[in-house]
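Please read it with the sequence and the structure side by side.

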Amino acid sequence: MATGTIDRAGEHASREKRMAALGSVGSAVVLVSLKVFLAAVTGSLGILSEALHSTLDLVAAVITYLSVRVADKPADAQHLYGHGKVESFSAFVETGLLLLTAVYIIWEVFHRLTSGEAHPIRPSASAIAILLLAMGIDLVRSRALARVAKKYPSEALEADALHFSTDVWSTFVVVLGITGAWLGMKFGLPWLSMLDAIAALGVAGVILWIGGRLGRQTIDALLDVAPRGLRERIQRAVDETEGVLAAERVRVRRAGQRYFVDVTISVPRTASLEQGHAASEAVERAVESIVPADVVVHVEPRAKTDEPLFDTIRAIAQRRGLAVHELSAHQYDGSLFIELHMEVDERSSLRDAHREATALEDEIKRETGDGTRVNIHIEPLGIGIANAEEMKELSRAVQHFLNGLKSEYSQLIDCHEVHVRGVEHRILVSWHCAMDGSLPITEVHDFTALLEGRVKEHFPQISRLTIHPEPVEES
């Protein structure tokens, strides 16, 4: 996805979240006004508790609006992981406000029930109708907020949606209480007026339940508790990624709607830097297919459980910054015998080169066993580009000689692209050799070595030969 498309999507999400939060502020203002008016007119403790509840909802809605604006800001020099935690802190503050409201309501209920003082209430059908209207507003806003919070994971909007949803149930309890008090006044049953205080107690209970639930969620977010099952899903996806031996560690934290995932993976120690990087990029894509995340991958080189001997030797050489080739190994005189060619800086002295060879030999023995015998051929690693002179007469002579060998060897079909160059007082020869494409590569290697010997025997002035074998259909 293009960066511009991602930016536009982020701006759209941020705008929709801000509008949802702003709508909550407007709804809370209307609800507070209605409930404060009803509390003054009726003297109902239940309605008063609802008015207090809605007042705190208004404060929470304002906090949510401000936190959503801040949380969507990009990371900066002081906030390297962005501002997403602002939403979690906002939700935590809202939880505290809910619990304080519940404590006050419970205290007021027990004060009214135990003080013996008269607290007359003036219920009416119009008050009940206004409360039902408030319920409708709460229901519409809670659903709208929940939809946006689910679409763009936002703890602050989720907390606001919970506030409005608790208002639906708490207002319903108050409606029952005020209806009971109204019926008691109408039919001369004074004991029904106690339903108002009981309704207030019910409101406090609902607030405590929702506040506790929200509190656990926000504390988990602030303490970086990973969502249940997410770490396991990520680990499985990483383990199944091509080029990865295993996911050694997975850590997940969340800030707002963004996740931060740290993964440590192991790759074969013989893998090149580019292969390790490709594996880490594949891991990033695998994680991002599960959650929107900022992924950091740390790569550890590891030996495979069934690592071949030659891979072990190459890994040892690679760790020491050495290039090796022409590896061979066989059992000899009851022990493992290893031969290889090691390349060193062409400016090195024999003493320095031998020191490198001895250190490599010792490390190979430690990995393969003390009984192993190692023989290392040292050759210079070319670092410069020398000038070469084409020797055309000798090129034609070598090509004529090679093609004359076709009658002796059935493997040989054609020799072409023969080049003979004079380089720094040495003669170098290279050519392409066409053979049957179905031949085993081991047989091809042995045959090219035989050709090298025949050419050097006939042209002893040649220093080095390089043969490129190719199947006849590509010659």
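1. The model is predicted, so local features were taken at pLDDT of at least 70 and side-chain atom pairs only at pLDDT 80 or more, whereas totals for chains, interfaces and linings use all residues. Residues are numbered from 1 along each chain as its sequence is written, and side-chain values use heavy atoms, with hydrogens and water left out.

2. The protein chain has 12 helices and 10 strands, where helices (H or I, at least four residues) and strands (E, at least two) are DSSP runs numbered from the N terminus. Of the 475 residues in the protein chain, 40% are buried; buried means under 20% relative accessible area, exposed means over 50%, and partly exposed lies in between (1.4 Å probe, protein chains only). Among contacts (heavy atoms within 4.5 Å) between residues at least 6 apart in sequence, 69% join residues at least 24 apart.

3. In soluble globular proteins, nonpolar side chains tend to be buried together. The largest nonpolar core here has 23 residues, and those that touch the most other members are Val-398, Leu-402, Val-429, Trp-431, Cys-433, Val-455 and Ile-462; such a core is a set of buried Ala, Val, Leu, Ile, Met, Phe, Trp, Tyr and Cys residues joined through side-chain atoms within 4.5 Å. At least two residues of this core come from each of helix 11, strand 8, strand 9 (426–435), helix 12 and strand 10, and strand 9 gives the largest share, five residues. Not counting residues up to four places away in sequence, Trp-431 touches Leu-402, Val-455, Leu-451 and Cys-415, among others, and its partners also include Glu-417 and His-468.

4. How many aromatic pairs does the ring rule give? The count comes to two, the rule being that rings of Phe, Tyr and Trp (its six-membered ring) pair if their centres lie within 6.5 Å, with planes under 30 degrees apart counted as stacked, over 60 as edge-to-face and the rest as tilted. The rings of Phe-401 and Phe-459 have centres 5.8 Å apart and planes at 85°, so this pair is edge-to-face. Because Phe-401 lies in helix 11 (residues 392–403) and Phe-459 in the loop between helix 12 (441–458) and strand 10 (464–471), the pair ties together parts that are 58 residues apart in sequence. Phe-401 is buried at a relative accessible area of 15%, and Phe-459 is buried at 8%.

5. Tyr-409 and Phe-447 have ring centres 5.5 Å apart and planes at 70°, so they too count as edge-to-face. Tyr-409 lies in the loop between helix 11 and strand 8 (412–423) and Phe-447 in helix 12, so the pair ties together parts that are 38 residues apart in sequence. Both Tyr-409 and Phe-447 are buried.

6. Helix 3 (85–115) and helix 6 (194–222) each supply at least two residues of the patch. Ile-219, which is found in helix 6, is partly exposed, with a relative accessible area of 37%.

7. Leu-360 in helix 10 (residues 350–368) is buried, with a relative accessible area of 0%. Leaving aside neighbours within four places in sequence, its contacts include Ile-316, Leu-322, Val-324, Met-342 and Ile-376.

8. Two backbone angles deserve a check. Most residues other than glycine have a negative phi. Glu-326, in strand 4 (residues 323–332), has a positive phi of about 55° although it is not a glycine, and Glu-417, in strand 8, has a positive phi of about 50°. Glu-326 is partly exposed at 47% relative accessible area, and Glu-417 counts as partly exposed at 45%.
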